[in-house]
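Trainee: I am new to this structure, and I would like to know what stands behind each term before I use it. Please take me through it step by step.

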Amino acid sequence: MTSLAPTSETHLAEPRVTEALLYLDGVSVAFDGFQAINNLSFTVLPHEMRAIIGPNGAGKTTMMDIVTGKTRPDKGDVLFDHGEHDLTRLDEAEIAGLGIGRKFQRPTVFESHTVADNILLALEGPRDPFAAMFGRRNRIAPDRIDEVLSRVKLLEFRDKRAGDLSHGQKQWLEIGMLLSQQPKLLLVDEPVAGMTDAETEATAELLKDIAATRSVVVVEHDMSFVRALGVKVTCLHEGRVLAEGPLDAVAADEKVIEVYLGR
Amino acid sequence: MISARLFGILDRSGIIFLVVLVGALVLVPALNLFTPEQSALHVPNYVVQLLGKYVCYAVLALSLDLVWGYCGILSLGHGAFFALGGYAMGMYLMRQIGDRGVYRNPDLPDFMVFLNWKQLPWFWHGFEWLAFALPMVLIVPGLLALGFGWLAFRSRVTGVYLSIITQAMTYALLLAFFRNDMGFGGNNGLTDFKDIAGFSVEAQGTRATLFGLSVLTLIGCFVLSRYLVTSAFGKVLVSIRDAESRTRFLGYRVEHYKLAVFVLSACMAGLAGALYVPQVGIINPSEFSPANSIEAVVWVAVGGRGTLIGAALGAITVNLLKTLLTSGPLAPFWLFALGAIAIGVTLTLPKGLLGLFDALPGKAPASADKPSSPIRTQTARHSE
């Protein structure tokens with residue numbers, strides 16, 4: 001929130017360093033006159049899991065586009081790794097290289113590859129064409145792939161075409177791909193959309209498990225899922241932060257009820 | 001050790017394909033050179049030349065399949081790289097004519113004497129040596145692909161827009177090479193070749209050797225392509241084809257991959273052109289015509305996109321049909337037949353001719369690197 005900036009100024013003389021892993025301040029972006037993000041500020045701490053909620057068009061996906069370099073903001077600061085990197089100056093591949101992984105709203109796995117090959121391509125390591133032609137990426141040990149696959153419970157499907165997986169399994173494969181990237185920050189867009197209740201529950205457990213070692217930002221509409229995560233919630237509306245805090249406090253907020261939850 | 005790696009990259013159909021090629025490599029020249037002309041087994045000279053031409057087309061199709069079938073870059077200008085390789089070889093062959101031309105000028109090719117030029121243009125220097133011309137066969141198309149690809153892929157031009165500008169590229173080259181003052185023989189191109197590496201291009205032995213070299217080139221390009229598409233590089237290419245922005249968010253520099261495969265493919269196409277020219281005896285600007293490049297796309301689509309073998313098979317099949325159908329009373333209808341083949345294959349054989357073999361009983365289902373349907377429908381649209 002905007003209130004963070006002045007407080008950090010008061011007790012720290014160093015200007016650049018912020019406690020936060022991800023730091024957005026005064027970010028705005030407009031598309032053809034539509035203000036998708038309007039003076040948005042919020043921060044995510046290391047090893048923090050944060051849930052983002054908000055009505056359609058609140059700017060949740062655009063916010064992720066800005067952090068991952070797909071969209072450049074018109075103004076504002078987007079800093080990563082305690083202010084070390086200015087994300088507004090980098091492109092998608094560079095940002096991914098810094099350790100920001102993204103899971104899309106619709107599961108996007110490489111459908112014509114096997115499940116194992118999807119992980120092979122996602123595992124961290126050199127990503128230039130020559131490494132892929134003759135180098136390291138061809139010598140990745142199968143156990144590293146299996147390790148990830150067993151974590152997302154897809155080991156038995158390792159040689160199956162990813163396109164033949166069920167919707168829920170694709171979501172899990174994509175989470176597995178994100179884990180393989182060893183990111184510091186994971187952005188997860190509607191991970192449980194279209195999942196059964198049992199899958200939703202298992203996904204909440206998996207994400208909590210992941211958040212033990214890295215920061216996770218989850219965008220989700222499913223309030224019972226957000227409740228199951230049990231983390232700090234940020235509600236966006238019209239491209240700004242409407243309310244922030246524990247789910248119960250946010251859910252009780254008059255403005256949030258007005259625009260999002262309904263009476 | 002090397003053979004283990006080879007078997008790793010070759011599946012059953014790959015091995016069959018190589019066996020057939022090696023068989024052709026041995027049998028065709030042998031039956032041409034060492035059997036009497038009246039023998040039933042004799043392969044006549046014109047057949048050797050014709051087959052050599054088909055094999056060059058197969059290499060072109062293979063190069064196109066590498067970018068289109070695996071990376072989703074539908075190049076409608078690959079004929080340009082083929083023609084540039086052909087021109088580089090043609091320039092060497094022109095310089096070999098020496099003073100045996102019509103005007104008996106030891107330094108200048110006939111068309112330059114005819115145009116009243118006094119000295120050899122700077123870009124013709126060096127082409128008197130095969131050791132200079134051969135690298136040029138790869139470097140010239142490669143550089144064009146590098147420049148073109150760097151601009152196009154960096155600004156993220158994709159899909160139909162990229163296809164259109166590749167088409168514009170080959171058309172621009174067609175117009176440029178038509179001009180006499182470009183210094184490449186204008187409308188007539190380069191022809192009347194005499195010698196290659198000291199041997200007469202007309203000699204039976206030279207023709208058989210050129211055929212053999214073409215088959216060896218096809219084998220080499222196939223094995224290299226197969227190595228690449230089975231490596232992680234090939235997997236990234238397929239990822240780019242199917243989900244480009246996902247690949248980018250995974251941290252891959254999509255433009256570098258596209259550029260690498262595009263340049264490599266252009267070099268292969270150039271090599272095919274260079275082998276083609278001494279066998280057909282002429283290179284002229286019509287090789288740059290957009291229709292040629294589109295025809296190459298039809299070969300790949302007919303044979304089976306994203307399979308390599310299918311591309312080569314398609315090039316040979318379609319050209320065999322072309323030879324048969326354009327020589328008889330059916331000649332005026334060839335383009336209709338080509339159109340019908342392209343549409344027919346797209347509608348009834350979505351995996352191309354190679355898909356027929358996959359459908360045979362006892363054969364494993366299609367491998368993972370087969371393209372998904374949405375992009376394939378583009379074939380029919382573009383081959384109009």
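Mentor: Let us begin with contact: two residues are in contact if their C-beta atoms, placed from the backbone, lie within 7 Å. In chain B, 78% of the contacts with a separation of 6 or more are between residues 24 or more positions apart. Please keep in mind that this is a predicted model, in which local features need pLDDT of at least 70 and side-chain atom pairs count only at pLDDT 80 or more, while totals for chains, interfaces and linings use all residues. Residues are numbered from 1 along each chain as its sequence is written, and chains are lettered from A and ligands numbered from 1 in the order in which they are written.

Trainee: What makes chain B as compact as a globular protein of its length?

Mentor: The radius of gyration (taken over C-alpha atoms) is set against the globule rule, which is 2.2 Å times the number of residues to the power 0.38. For the 384 residues of chain B the rule gives 21 Å, and the radius of gyration of the chain is 21 Å, close to that value, so chain B is as compact as a globular protein of that length. The C-alpha atoms of chain B fill a box of roughly 60 × 55 × 50 Å along the principal axes, and the chain has 16 helices and four strands. Those elements are DSSP runs numbered from the N terminus, H or I over at least four residues for helices and E over at least two for strands.

Trainee: Why is Thr166(B) called buried?

Mentor: A residue is buried if 20 or more other C-beta atoms lie within 10 Å of its own, exposed if 12 or fewer, and partly exposed in between, with C-beta atoms placed from the backbone. Thr166(B) has 26 other C-beta atoms within 10 Å, so it is buried. Thr166(B) sits in helix α7 (residues 159-178) of chain B and, leaving out residues up to four places away in sequence, touches Ser75(B), Leu76(B) and Gly77(B). From Thr166(B) to Gly77(B) the C-alpha atoms are 4.7 Å apart, although the two residues are 89 apart in sequence. In chain B as a whole, buried residues make up 45% of the 384.

Trainee: What makes a group of residues a nonpolar core, and which residues have the most contacts inside the largest one?

Mentor: A nonpolar core is a set of buried Ala, Val, Leu, Ile, Met, Phe, Trp, Tyr and Cys residues joined through C-beta atoms within 7 Å. The largest has 180 residues, and Val59(B), Leu60(B), Ala61(B) and Leu62(B) have the most contacts inside it. Helix α11 (residues 254-280) of chain B gives the most to this core, with 18 residues. Beyond its neighbours within four places in sequence, Leu62(B) is in contact with residues including Cys221(B), Phe222(B), Met268(B) and Leu308(B).

Trainee: In what order do the strands of the six-stranded sheet of chain A run?

Mentor: The order in this open sheet is β6-β7-β8-β3-β9-β10, with mixed pairing. Here β6 (100-103) and β10 (240-245) stand at the edges, each with a single partner strand, so one side of each is left without a neighbour in the sheet. Within the sheet, β3 (residues 49-53) and β9 (residues 232-237) of chain A pair in the parallel sense over four bridges, and Ile53(A) stands opposite Cys235(A) in β9(A).

Trainee: How many residues of chain B are in contact with chain A?

Mentor: There are 24 residues of chain B in contact with 25 of chain A. Helix α9(B) gives the most to the side of chain B that touches chain A, with seven residues.

Terms used: Pairing = 2+ DSSP bridges.
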